[in-house]
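Reader: I'm new to this one, and I'd like to hear about its aromatic rings. Can you walk me through the labels?
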Amino acid sequence: MAYRDQERQLFKTELDLIQQAGIFKEERIIHTPQDSEIGVVFPAGSSRKPVINMCSNNYLGLSSHPEVVEAAHIGLDQRGYGMSSVRFICGTQDIHKQLENKLTEFLGTEDTILFPSCMDANAGVFEALLNEEDVMIADRLVHASIVDGMRLAKAQTDTFKHSDMKHLEKKLQLHQDKRLKVIITDGAFSMDGDLAKLDQIVELAEKHHALVCVDDSHATGFIGKTRRGTHEHFNVMGKIDIITTTLGKALGGASGGCVSGRREIVEMCRQKARPYLFSNTIAPVIVYAANQVMDIISSTTEKRDKLGKNTSFWRRGLSKAGFIIKEGETPIVPVMLFNARLSQDFAIDLYDEGIYAIGFFFPVVPRGQARIRTQISASHQMSHLEKALDAFIKVGKKYDILNKTKQDVIDIYGD
Ligand SMILES: *Cc1c(COP(=O)(O)O)cnc(C)c1O
């Protein structure tokens with residue numbers, strides 16, 4: 001047995017350091033289905049408390065939608081529980097192909113391959129496509145799963161400053177002699193809620209013969225005129241070579257991800273992407289439900305329209321109350337507090353008021369940019385948002401941060 005006191009102490013010391021730095025993450029245990037109102041037990045041992053959920057990725061309110069749950073039941077009855085196989089051995093059913101086809105049609109691409117998660121899609125796609133003669137050029141704020149996917153690939157890596165098109169062009173010029181150049185970005189950035197400048201990125205890609213890869217996890221299903229994603233919003237459908245996205249957010253929120261795009265690229269993933277080849281297939285119950293989700297969002301914009309209304313109410317309300325928010329149009333609305341401790345204290349006070357939101361600080365966001373990230377859902381009722389707004393204002397007054405400049409707040413709390 002090699003796990004002696006010595007080894008135990010090693011990890012304990014590191015965990016203590018995390019605790020002392022005030023960045024120890026504790027799970028808040030939810031005792032209800034995912035929804036706009038949830039029952040939470042926190043801290044451990046306390047009694048269950050009903051709170052309004054302002055931090056889920058359940059953008060369209062489909063996580064517990066009756067039609068989606070019903071479809072999952074049917075899937076369970078008709079196809080059982082598990083597949084006990086990866087896709088290429090005996091883990092592909094007609095329903096998996098159906099879901100891939102629905103995603104292809106919805107995203108306006110040539111083909112789609114499902115992965116166990118979008119994290120796996122990003123982990124697999126670059127390694128499958130690229131070699132040492134190639135380069136990946138990523139926005140500096142891309143999601144951690146893209147960073148990991150780039151680490152796993154043999155191609156060279158480079159980055160450009162967040163949404164800085166001049167810098168991107170410089171990098172494209174620098175790497176002009178490479179076999180393949182791939183520009184990689186999130187479509188909607190998860191921490192700031194801003195959109196990548198996809199129209200300009202596509203223009204640069206065409207000029208410099210680069211491929212474009214967009215992770216649209218925070219956009220698929222609710223951004224763009226008919227909610228197909230950021231490529232629709234910027235009018236560049238058909239021009240994005242690789243789209244990765246998740247079923248774990250707006251699209252029902254269970255699990256699963258995909259790579260969608262050029263036919264040969266998707267085929268390369270089927271032949272070579274390791275998470276596709278070596279990790280279990282998505283369970284039939286999830287595939288049934290996801291197929292239902294695709295039917296719901298393909299047939300009506302009702303959910304997205306409600307999300308749009310909720311989002312503008314929330315953005316307007318916070319601004320009018322005197323909070324500093326990151327401007328934008330997505331349902332990701334960061335309320336800026338700048339100081340890490342303040343973001344934690346603020347979240348605790350909100351929780352006391354029955355509002356569930358989480359404070360983010362370094363290293364999740366840059367130093368001095370601590371915030372409460374709020375996320376709006378189509379399942380929020382106006383009464384939820386009014387109550388949440390009242391609570392934000394009450395806590396904002398307590399900390400005296402309303403109608404203040406960034407510098408005012410930093411003068412009081414530090415950054
Ligand atoms: C959430 C997210 C992922 C991970 O998706 P999973 O399917 O949960 O693995 C990947 N990329 C981005 C941009 C995300 O926001």
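Author: Happy to. Let's begin with a term: a residue is called buried when its relative accessible area is under 20%, and exposed when that area is over 50%, with partly exposed in between. By that rule, Phe 323 and Phe 392 are both buried. Keep in mind that this is a predicted model.

Reader: How many aromatic pairs does the structure hold?

Author: There are eleven aromatic pairs.

Reader: Why is the pair of Tyr 3 and Phe 11 called stacked?

Author: Their ring planes stand at 25° and the centres are 6.4 Å apart. Pairing needs centres within 6.5 Å, and stacking needs planes under 30 degrees apart, so this pair is stacked.

Reader: And what makes Tyr 3 partly exposed?

Author: Its relative accessible area is 40%, which falls between the 20% and 50% cut-offs. Phe 11, at 46%, counts as partly exposed too.

Reader: Where in the chain do Phe 323 and Phe 392 sit?

Author: Phe 323 is in the loop between helix H13 and strand S11, while Phe 392 is in helix H15, 69 residues apart. Both also belong to one aromatic cluster, together with Trp 314, Phe 346, Tyr 399 and Tyr 413.

Reader: How do you know that Arg 367 lies over the face of Phe 362?

Author: Arg 367 is 3.8 Å from the ring centre, and the distance cut-off is 6 Å, alongside a limit on the angle to the ring normal. Arg 228 likewise has its charged end over the ring of Phe 106, 5.3 Å from its centre.

Terms used
Residues are numbered from 1 along each chain as its sequence is written. This is a predicted model: local features need pLDDT of at least 70, side-chain atom pairs count only at pLDDT 80 or more; totals for chains, interfaces and linings use all residues. Side-chain values use heavy atoms; hydrogens and water are left out. Rings of Phe, Tyr and Trp (its six-membered ring) pair if their centres lie within 6.5 Å; planes under 30 degrees apart count as stacked, over 60 as edge-to-face and the rest as tilted. Buried means under 20% relative accessible area, exposed over 50%, partly exposed in between (1.4 Å probe, protein chains only). Helices (H or I, at least four residues) and strands (E, at least two) are DSSP runs, numbered from the N terminus. A charge sits over a ring if NZ of Lys or CZ of Arg is within 6 Å of the ring centre and within 35 degrees of the ring normal.
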